[in-house]
Amino acid sequence: MLTEILKGQSAILKGADIIKNGGVVAFPTETVYGLGANALNESCVKKIYEAKGRPSDNPLIVHVASIDDIKPLVTEINDLHRKLIEKFMPGPITLIFKKSDLVPCVVSAGLQTVGVRMPKNDIARDFIKECGVPIAAPSANASTRVSPTTAEHVYEDMNGRIPLIIDGGKSNVGIESTVLDVTGDIPIILRPGAITPKMLLEVIGEVKTFNGEILKSAPAPGMKYKHYAPIVPTVVAKNIDSLIKEYDRLVEKGINVLALVRDCDIEKLGNRNYVNLGKNDDEVCSNIYEALRDNEKVCDYMICIDLEDDGLGSSIMNRVNKASGGVKV
Ligand code: TXA
Ligand code: MG
């Protein structure tokens, strides 16, 4: 199958046509690129799992173009839901609701719930609107690979597997949406993202977060898979001094090392090889997957500086820690 990369309105129209004919299309969102199909049709959704090589016990997020499109997919929208929707949608958040019968089991992987997301990215919403149906979509990487934040990344993984990639440039958030389970009394963060616990607390008073321990037993089925894995070994350094120590130890062994650091770390690095992830957490978030993907081809080993804090930095580190398998130096 020939995989085209197209931009603009003609890409949206062509993409919608493919969806209407039962096919799979990759499209940009503000978080990462998605691999979409008609969410209401079981055989269309199955094609996503095939293209991705993803186990079908991991549920897919359903993407909508407007708030009115949420209602038919869920059993209930209560006051808490309304508050969250008004404040954060469109945006980088997925809300897990009890699903209606309209949502096929193949989308929810047999669960009685459904994840719903309304992207902020205009191209994404125009595309979904043009399709005329909700779009089920996981991130557009091959299973276990780093999520794509450019059309070129999608092409690397999906060339020959899908007919079209809609090119919307680089995803500006850069990591996947915050996944928030709102089926119970107190919302639970199943996956941290750019909508942080602090931002949620400003709207809803109470939210359950969890540390690494609880994360493992969380009912987000995707959590059990090793995601976001670069091909070369990747570790996290507690601070710039431990990064430099580990860097020098590895270089002495003849290993080609690359440091992933912030703007403020660079001065200390001297002539060591580095990638500048950016000046603040927003920039680092937008650049992190690109850095993990593009640089695995040019080095043998990556060391990433720790950004630990309780906001966006901690969401970013959630992803980097998965890439590193939790190894810290
Ligand atoms: O930003 C994003 O969310 C991107 C873009 C394309 O929208 N999508 C994305 O999809 O990251 P995916 O499939 O790669 O990750 C979805 C995560 C998985 O960990 C999955 O287990 C969880 O959301 N999830 C989806 N539906 C769920 C449900 N009904 N209950 C619990 N977890 C769910
Ligand atoms: Mg994914």
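User: Which residue stands opposite valine 179 in β9?

Analyst: Threonine 94 stands opposite valine 179. Please note that this is a predicted model, in which local features need pLDDT of at least 70 and side-chain atom pairs count only at pLDDT 80 or more, while totals for chains, interfaces and linings use all residues. Residues are numbered from 1 along each chain as its sequence is written, chains are lettered from A and ligands numbered from 1 in the order in which they are written, and side-chain values use heavy atoms, with hydrogens and water left out.

User: In what sense do β5 and β9 pair?

Analyst: Strand β5 (residues 93-98) pairs with β9 in the parallel sense, over four bridges. Strands here are DSSP runs of E with at least two residues, helices are runs of H or I with at least four, and both are numbered from the N terminus. Two strands pair if DSSP finds at least two bridges between them.

User: And what about β9 and β10?

Analyst: Those two pair in the antiparallel sense over three bridges, and they form a hairpin with six residues between them. In β10, arginine 191 is the bridge partner of valine 179.

User: Is valine 179 buried or exposed?

Analyst: Valine 179 is buried, with a relative accessible area of 10%. Buried means under 20% relative accessible area, exposed means over 50%, and partly exposed lies in between (1.4 Å probe, protein chains only). Both faces of β9 are covered: Thr178 and Leu180 on one side are buried, as are Val179 and Asp181 on the other.

User: Which residues does valine 179 touch?

Analyst: Leaving aside residues up to four places away in sequence, valine 179 touches Thr94, Ile96, Ile188, Ile189, Leu190 and Arg191. Contact means heavy atoms within 4.5 Å.

User: Changing topic, in what order do the strands of the sheet run?

Analyst: Ten strands form an open sheet in the order β1-β8-β2-β3-β7-β4-β6-β5-β9-β10, with mixed pairing. β1 (4-6) and β10 (188-191) stand at the edges with a single partner strand each, so one side of each is left without a neighbour in the sheet. Neighbouring strands of this sheet are turned by 35° against each other on average, direction ignored.

User: Which helix packs on the sheet?

Analyst: Helix α1 (residues 8-20) does, touching β1, β2 (25-27), β3 (34-38), β7 and β8 (164-166), and its direction makes about 135° with that of β8. Axes are lines fitted to C-alpha atoms, for helices over the stretch in contact, and angles run from 0 to 180 degrees between N-to-C directions.
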